[in-house]
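Let's take a walk through the inside of a protein together. Have a look at the picture below, and then we will go step by step.

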Amino acid sequence: MVGLRSMREAQRRNVPCPLRGWRPLLFAARNPVGLWSFASGHQQQGGYVYVGIHTVSLPQALAEARKRIILNLALYDRFARSPDLCDALSCALGQPGFGRLSIITIPFISRKAWLDEFLQLLRPGQGIAETEHEFAASRDFIVRLAVRHEGLVEVYETRALPCVPCIIIDDRIIFGHYAHATVPAEQGYWFSVNAPVDELLMWAASGRPAADATPRQLAAYRFVSDCHNAMRQAKRMLL
């Protein structure tokens with residue numbers, strides 16, 4: 001089993017952090033996104049499609065972050081229960097020059113009309129007691145992570161309706177979809193594309209994309225803009 005000690009040793013040697021059950025991560029090609037291949041983890045012309053988020057090699061992708069991570073997944077109790085994901089985030093946050101981890105979460109009690117319905121999308125068929133337990137585990141995980149890595153973690157409790165589960169790692173955007181179904185988002189299709197995220201974040205801050213934006217840039221901008229809007233309509237949690 002690989003722990004934080006070996007991950008920190010890897011950081012000092014400036015090599016990729018090892019992870020439990022490591023498997024090579026397939027990165028998107030530099031070619032423009034074209035036809036999608038629906039074999040899990042494979043691609044054609046730049047875009048990847050995965051069947052289930054467990055096939056994305058997410059721990060390795062997170063551990064290799066060098067600049068930014070934005071998590072827009074509503075609840076994080078499953079991160080708390082995954083040693084691989086916890087180690088991966090600690091690895092990224094310990095990298096010299098790493099910028100910031102932004103975590104977007106949702107309130108357990110809200111006057112927003114969308115909350116009850118959204119929770120059924122997020123955790124189909126789950127009772128209120130179990131959901132309350134998951135909120136508590138999610139918040140505890142977030143607080144502990146922010147305290148452990150002071151100054152590197154920003155937490156946003158959004159008032160905006162979550163539209164899509166999304167993870168941004170440097171210039172890679174990984175996204176799934178919510179649905180009225182008994183199968184949760186984790187088991188659905190997940191997609192991965194590369195995009196100029198710095199530029200897209202500047203567009204989101206200005207409120208509009210560039211006039212000469214390409215169709216592919218506009219498509220990627222929608223996810224970056226959604227994350228930006230969720231943070232803008234949030235209560236920033238001071239931890």
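Two residues are in contact here when they have heavy atoms within 4.5 Å of each other. Keep in mind that this is a predicted model. With that in hand, find phenylalanine 79: leaving aside residues up to four places away in sequence, Phe79 touches Leu58, Leu62, Leu71, Leu73, Leu85, Cys86, Leu89 and Phe141.

Phe79 belongs to the largest nonpolar core, which has 33 residues. Along with Leu58, Leu62, Ile69, Leu71, Leu101 and Ile167, Phe79 touches the most other members of that core. Which helices and strands each supply at least two of the core's residues? They are the helices H2 (58-63), H4 (83-93) and H6 (128-148), together with the strands E2 (47-51), E3 (68-74), E4 (100-105), E5 (153-158) and E6 (166-169). The biggest giver is H4, with 6 residues. A separate core of 25 residues lies apart from this one, and its members include Ile70, Ile104, Tyr156 and Ala195.

Now for two residues with a backbone angle worth a look. Serine 57 sits in the loop between E2 and H2, and its phi is near 55 degrees, a positive value in a residue that is not glycine. Is serine 57 buried or exposed? Its relative accessibility is 14%, so serine 57 counts as buried, since the cut-off for buried is under 20%.

Alanine 74 also has a positive phi without being glycine, this time near 75 degrees. You can find alanine 74 in strand E3. Because its relative accessible area is 3%, alanine 74 is buried.

Methods: Residues are numbered from 1 along each chain as its sequence is written. This is a predicted model: local features need pLDDT of at least 70, side-chain atom pairs count only at pLDDT 80 or more; totals for chains, interfaces and linings use all residues. Side-chain values use heavy atoms; hydrogens and water are left out. A nonpolar core is a set of buried Ala, Val, Leu, Ile, Met, Phe, Trp, Tyr and Cys residues joined through side-chain atoms within 4.5 Å. Buried means under 20% relative accessible area, exposed over 50%, partly exposed in between (1.4 Å probe, protein chains only). Helices (H or I, at least four residues) and strands (E, at least two) are DSSP runs, numbered from the N terminus.
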